[in-house]
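Student: Can we go through how some helices pack in this one? Keep it quick, please.

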Amino acid sequence: MAEKVLVTGGGGYIGSHCVLGLIEAGYQPIVIDNFSNAVRGEGDVPESLRRIEKILGTSIEFHELDLLDKPGLEKLFKKHSFTAVIHFAGLKAVGESVEHPLRYYKVNLIASMNLLEVMQAHGVHNLVFSSSATVYGEPQYLPLDENHPVGGCTNPYGQTKYFIEKMIQDHCLAEKDWNAVLLRYFNPIGAHVSGMIGEDPQGIPNNLLPYVAQVAIGRRTCLNVFGNDYDTPDGTGVRDYIHVVDLTLGHIAALKKLKETGGCKVYNLGTGKGYSVLQIVKAMEKASGREISYKIAPRRPGDTASCYADPCQAEKELGWKAELDLERMCEDLWRWQSMNPSGYSPAS
């Protein structure tokens with residue numbers, strides 16, 4: 001029998017790629033999502049999961065469920081014997097978190113608390129938490145390793161990830177039979193090689209790559225590059241990017257690690273190097289064969305020149321390493337964008 005793994009937020013961009021990876025690795029993912037980041041498809045199932053079913057010729061068990069609905073969560077845990085949980089669910093837009101901090105604290109923290117309490121009540125003590133490298137705050141040195149101080153977050157979204165990490169770490173200290181892995185990463189990009197599932201931001205994209213792809217496809221007219229006078233090779237900000245498929249494999253490696261170790265472990269996932277905004281633009285121009293128009297805009301407050309993580313510990317202890325480079329990230333993103341110019345919506 002395949003091990004049952006609960007995937008929270010499994011209809012979203014990273015969650016859906018992870019669901020596909022789990023099935024390919026021989027697990028049975030049970031998916032919950034409340035459609036805050038997922039696009040509703042036929043039969044009230046996330047469109048991403050519908051497409052995974054077509055890619056793999058399989059069926060996926062899905063429940064429309066919000067983690068704030070604790071009785072609904074209890075019911076699901078009574079129905080299934082889960083061996084582990086991979087926790088993606090949560091609100092995730094940095095700018096929105098600054099405008100609506102209480103909403104972010106309520107949704108992200110209470111949801112995670114409900115999940116931990118229900119797991120504890122039902123004897124499910126294995127957890128992979130999809131965290132964020134934003135927990136490091138302003139870099140004190142580069143690359144960021146797992147020993148870098150955390151908690152100096154520059155926005156409420158990052159704070160919620162930091163608080164959830166603390167909750168899990170404290171719970172693992174109190175309950176010695178718990179095993180957890182916290183995964184920190186920056187910017188997942190790319191898409192599944194089929195071009196059938198990918199990132200479909202609702203409204204104006206918050207992240208650079210989806211925005212650049214929408215300029216290339218003609219949905220947006222121009223990219224604003226915020227600052228070109230940083231102390232970087234070309235003056236534009238340098239950031240860490242990781243292919244979503246590599247990220248998925250990192251989550252599956254963490255799931256396997258839970259069986260070997262007690263307590264709570266932390267790993268960075270990334271390529272170990274940063275790319276500048278203009279490098280990204282050039283790579284997308286190459287992948288798409290189109291010119292991407294951009295203009296230089298003033299620096300944004302709070303932005304730093306460079307920020308990227310050191311993933312060596314994950315390679316050493318998880319046996320995981322990012323294999324897909326920037327060229328491949330952009331190729332796969334462009335395939336998804338050109339096959340789905342309007343994302344998952346029916347117009348595509």
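**Helices in contact**

Tutor: This is a predicted model.

Student: What is the angle between α9 and α11, and how far apart are their axes?

Tutor: α9 (residues 277–288) and α11 (residues 326–339) pack at about 55°. Their axes are 9 Å apart.

Student: Is the crossing of α9 and α11 left-handed or right-handed?

Tutor: α9 crosses α11 in a right-handed way.

Student: Which residues make that contact?

Tutor: From α9, they include Ile280, Ala283 and Met284. From α11, Cys330, Leu333 and Trp334 are among them. By type, the residues of this contact are eight nonpolar, two polar and three charged.

Student: What about α7 and α11, how do they cross?

Tutor: Their axes come within 10 Å and cross at roughly 55°. The crossing of α7 and α11 is right-handed.

Student: Who meets whom there?

Tutor: Leu209, Pro210, Ala213, Gln214, Ala216 and Ile217 of α7 meet Cys330, Leu333, Trp334, Gln337 and Ser338 of α11.

Student: How many of those are charged?

Tutor: None: the contact of α7 with α11 has eight nonpolar, three polar and no charged residues.

Notes: Residues are numbered from 1 along each chain as its sequence is written. This is a predicted model: local features need pLDDT of at least 70, side-chain atom pairs count only at pLDDT 80 or more; totals for chains, interfaces and linings use all residues. Side-chain values use heavy atoms; hydrogens and water are left out. Axes are lines fitted to C-alpha atoms, for helices over the stretch in contact, and angles run from 0 to 180 degrees between N-to-C directions. Helices (H or I, at least four residues) and strands (E, at least two) are DSSP runs, numbered from the N terminus. A crossing is left-handed if the near helix is turned anticlockwise from the far one by less than a right angle, and right-handed if clockwise. Contact means heavy atoms within 4.5 Å. Ala, Val, Leu, Ile, Met, Phe, Trp, Tyr, Cys and Pro count as nonpolar, Asp, Glu, Lys and Arg as charged, and the others, Gly among them, as polar.
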